[in-house]
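I opened this model to look through its overall build, its ligand site and a few single residues. My notes follow in the order I looked things up.

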Amino acid sequence: MTIQWYPGHMAKAKRQMIEKIKLIDVVIELVDSRIPESSRNPLVDEIAADKPRLLILNKADMADPHVTSAWKDTFKQKGYSVHSVNSQTGEGTKAIPDLVHQLTLKKREKLESKGFNARADRALILGIPNVGKSTLINRLANKKIAKIGDRPGVTKAQQWIKVGKTMELLDTPGILWPKFEDPDVGLRLAATGAIKDELVDFQDIAVFLLKTLWMSYPETLSDRYGISDLPPIEAEPAIEEIVELFDVIGKRRGCVAGGGHIDYDRTAEIIVRDYRSQKLGRLTLERP
Ligand code: GDP
């Protein structure tokens, strides 16, 4: 479920996050591997500034593995501890407690030098709606934890879930809003389903997808839609060229309205749904 964010929601989400973060040792920031930068909320830098952070690229199964590698390198160069997982199958998730444990080493050493025994590492999963926070919590908990919905303000008693020998995870995720400012970021979020469908225009998303995929994955586009002469391009294609693509795809998929005109709404919806359901394969929408 994705919600529309109003200033009141945002203020409340921020306050709740600041409170939650006080309880924890490590922030696990979850993003979508298909849009690793666009699915972040810059506020995390501010509110988690003094906590060690593990950046996890989720839905790695949906993204281009080469580009995911490149993103991981880029984030590592920036000093992040970074990991990629598929929360749905659990691939990669077993490593999480150890990665978190490495991040608390300094704190534990300091405590132990004073003669204290360090407690379990307390972690929180944080991210924008739909990146897979609940799926990952359930996976790590090995059971289904009741979902409270992406509605800041709806609270329930928080509990710690024991994960492995060294980690305790807060059973409710931290939820922040998606970025709104940059139109291309908005389109990437919409294409992956991170923004409510009622708030976005499928034709806009489809145009964006066709432009992006033509530049990055021309062969995938030609294969899927049977376009034989799609030339590789360097620069963004003109809108007229995208309309021609729409016409070809619409015709192929039987989206023809009265008078033989292409039904652009239906064509757009097919393109967006094909992308989301991975009928086009594992495609990443932004590169480092
Ligand atoms: P939340 O809003 O961040 O808690 O996101 P959810 O956990 O509800 O997940 C949103 C959607 O993404 C659901 O349909 C999940 O099944 C799906 N999902 C979550 N993680 C993965 C993943 O690693 N791979 C794939 N393919 N789908 C995932």
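**Ligand site**

I started with the shell around the ligand. Helix H6, residues 133-141, gives the most to this shell, with three residues. I kept in mind that the model is predicted.

Which residues come nearest to the ligand? Of the 16 residues around the ligand, I listed Asp-61, Ser-87, Gln-88, Lys-133 and Thr-135 as the nearest. I then sorted the shell by class. I noted eight polar, five charged and three nonpolar residues.

Next I checked polar atoms. Asp-61 places a polar side-chain atom 2.7 Å from a nitrogen atom of the ligand. For Lys-133, I read 2.8 Å from a polar side-chain atom to an oxygen atom of the ligand. Lys-59 also has a polar side-chain atom by a ligand oxygen, at 3.1 Å. I then looked at cover. On its own the ligand has 580 Å² of accessible area, and the protein covers 80% of that.

**Thr-93**

I went on to Thr-93. I found Thr-93 in the loop between strand S3 (81-84) and helix H4 (96-103). Is Thr-93 buried or exposed? Its relative accessibility is 5%, and the cut-off for buried is under 20%, so I put Thr-93 down as buried.

What does the side chain of Thr-93 reach? I traced it to the backbone oxygen of Gly-90, at 2.7 Å. I also listed contacts, leaving out residues up to four places away in sequence. Thr-93 touches Val-85, Asn-86 and Ser-87, and also Leu-136, Arg-139 and Leu-140. Ser-87 had already come up in my notes, as one of the residues nearest the ligand.

**Helix H7**

I turned to helix H7, residues 183-192. How many of its 10 residues are buried? I read seven, and I noted the helix as mostly covered. The buried ones are Val-185, Leu-187, Arg-188, Leu-189, Ala-190, Ala-191 and Thr-192. Arg-188 is on that list too.

Then I asked what the buried residues of H7 pack against. I found strand S1 (26-32), helix H8 (202-216) and helix H11 (264-276).

I checked both ends of the helix. Asp-182 caps the N-terminal end, with a side-chain oxygen 2.8 Å from the backbone nitrogen of Asp-184. Just after H7, I read a positive phi of about 90° for Gly-193.

**Gln-16**

Gln-16 and Gly-174 are 158 residues apart in sequence, but their C-alpha atoms are 8.0 Å apart in space.

**Whole protein**

I finished with the totals. I counted 11 helices and seven strands in the protein. The C-alpha trace spans about 80 × 35 × 35 Å along its principal axes.

I noted two domains: domain 1 covers 7-175 and domain 2 covers 201-276. Their C-alpha centres lie 36 Å apart.

Of the 288 residues, 51% are buried. I looked at contacts with a separation of 6 or more, and 72% of them join residues 24 or more positions apart. For the accessible surface I wrote down about 14300 Å², with 50% belonging to carbon and sulfur atoms.

Terms used:
Residues numbered from 1 in each chain as written. Predicted model: local features only at pLDDT ≥ 70, side-chain atom pairs only at ≥ 80, totals over all residues. Heavy atoms only, no water. Buried < 20%, exposed > 50% of the residue type's maximum accessible area, 1.4 Å probe, protein only. Helix = DSSP H or I, 4+ residues; strand = E, 2+ residues; numbered from the N terminus. Contact = heavy atoms within 4.5 Å. Polar contact = N/O pair within 3.5 Å; in protein donor to acceptor, adjacent residues only side chain to side chain. Near = heavy atom within 4 Å. Areas by Shrake-Rupley, 256 points an atom, 1.4 Å probe, with all protein chains shown as cover. Nonpolar A, V, L, I, M, F, W, Y, C, P; charged D, E, K, R; others polar. Domains from an automatic or database assignment.
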